[in-house]
Amino acid sequence: MRKFLFWLLAVVITLVLSIYQRMTGPTYPQKVAVEWNGENVKVKLSRSGVQHDEMVKLKGVPKDATAQIHYRRYPTHEEYTTKEFEWNDGVWQAPLPVQPVGGKLQYYITVDGKDYPVDEPVVIRFRNDVPAGILIPHILLMFAAMLFAVYTFMLVITRKEYSKWLKITVATLFVGGFIFGPLVQHAAFGPWWTGFPYGTDLTDNKTLLSFLFFLLALATMKWKHNRWVVALAVLFMIAIFSIPHSAYGSEYDYDSQQLSTEK
């Protein structure tokens, strides 16, 4: 019964962390409340596009509204290009022109004379489409690594035998982060690795740091205080994996016309 509760709690914690990371990441659509006739209509503005024109849709905004989209390359100080939304298939639609891999556009919308979002324009980054055959295993393995790490932590704090699950955690993290991770990075943007020492991609760097902590936990297995090292490794993993996914990733430099992996 206790083992079942441990696994249940581990699944819940992992799901919460995964959802939080996904919803706070720079590729998750930005939700904007558009005012219409005294009511707020929530629309989603894309922040990630593949190698074709990205269609921005204003679902819920009625046909008798007027809407424009304004965009420019990012990061530049170019003048915004403005285009009208068109009513197609029962929804307002406007395309953002495809950019080179890693290229970004900054854009905002205008509905009935009001600009959205109010604070600052949305930034969308373009990439290649990633085959499901490498993306799905990567996601599942990283999810499993977090799940096994949390379960290991519970064994540690309840003074149960944890060495087996520590080794499983490290193996899963290695395969997910250092085999399938580079495959996904290469398919999406071209480079295999954009973390230290080659770049500043937080996704790669946080995977590397977490793995080093777990290697330390493995290396000190025979130390009498090893459980504290393991607990620290898991807590560190939870902390850094709460950092938004894909932050400070590859970006196309419009001046040099090359992909940059550094900020």
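In the largest nonpolar core, which has 31 residues, the members that touch the most other members are L173, F214, V230, M237 and F241. Two or more residues of this core come from each of α1 (2-24), α2 (132-157), α3 (163-189), α4 (202-219) and α5 (226-240). The largest contribution is that of α2, with twelve residues. The model is predicted, and totals such as those for chains use all residues. Beyond its neighbours within four places in sequence, F241 is in contact with Q21, M142, M146, L173, K206, T207 and S210. Another core lies apart from this one; it has 25 residues, among them V43, L45, W92 and V111.

Helix α2 consists of 26 residues and spans 37 Å between its first and last C-alpha atoms, close to the 38 Å expected at 1.5 Å a residue. R159, which follows α2, has a positive phi, near 60 degrees.

Strand β9 (residues 104-111) is mostly covered, with eight of its eight residues buried. Burial applies to both faces: K104, Q106, Y108 and T110 are buried on one side, and L105, Y107, I109 and V111 on the other. With strand β5 (residues 67-74), β9 pairs in the antiparallel sense over eight bridges, and V111 in β9 stands opposite A67. The pairing of β9 with strand β11 (residues 122-126) is likewise antiparallel and comprises four bridges; here L105 has I124 in β11 as its bridge partner. Three bridges join β9 to strand β10 (residues 114-116), again in the antiparallel sense, with V111 opposite K114 in β10. β9 and β10 form a hairpin in which two residues lie between the strands, and D112 in the turn has a positive phi of about 50 degrees. V111 is also one of the residues of the 25-residue core.

K44 lies in strand β2 (residues 39-45) and counts as exposed because its relative accessibility is 52%, the cut-off for exposure being over 50%. Not counting residues up to four places away in sequence, K44 touches P29, Q30, K31 and K57. The C-alpha atom of K44 is separated by 8.9 Å from that of A33, eleven residues apart along the chain. K167, found in helix α3, is exposed because its relative accessible area is 51%. Between the C-alpha atoms of K167 and K83, which are 84 residues apart along the chain, the separation is 55 Å.

Conventions:
Residues numbered from 1 in each chain as written. Predicted model: local features only at pLDDT ≥ 70, side-chain atom pairs only at ≥ 80, totals over all residues. Heavy atoms only, no water. Buried < 20%, exposed > 50% of the residue type's maximum accessible area, 1.4 Å probe, protein only. Contact = heavy atoms within 4.5 Å. Core = buried A, V, L, I, M, F, W, Y, C linked by side-chain atoms within 4.5 Å. Expected span 1.5 Å × (residues − 1). Pairing = 2+ DSSP bridges.
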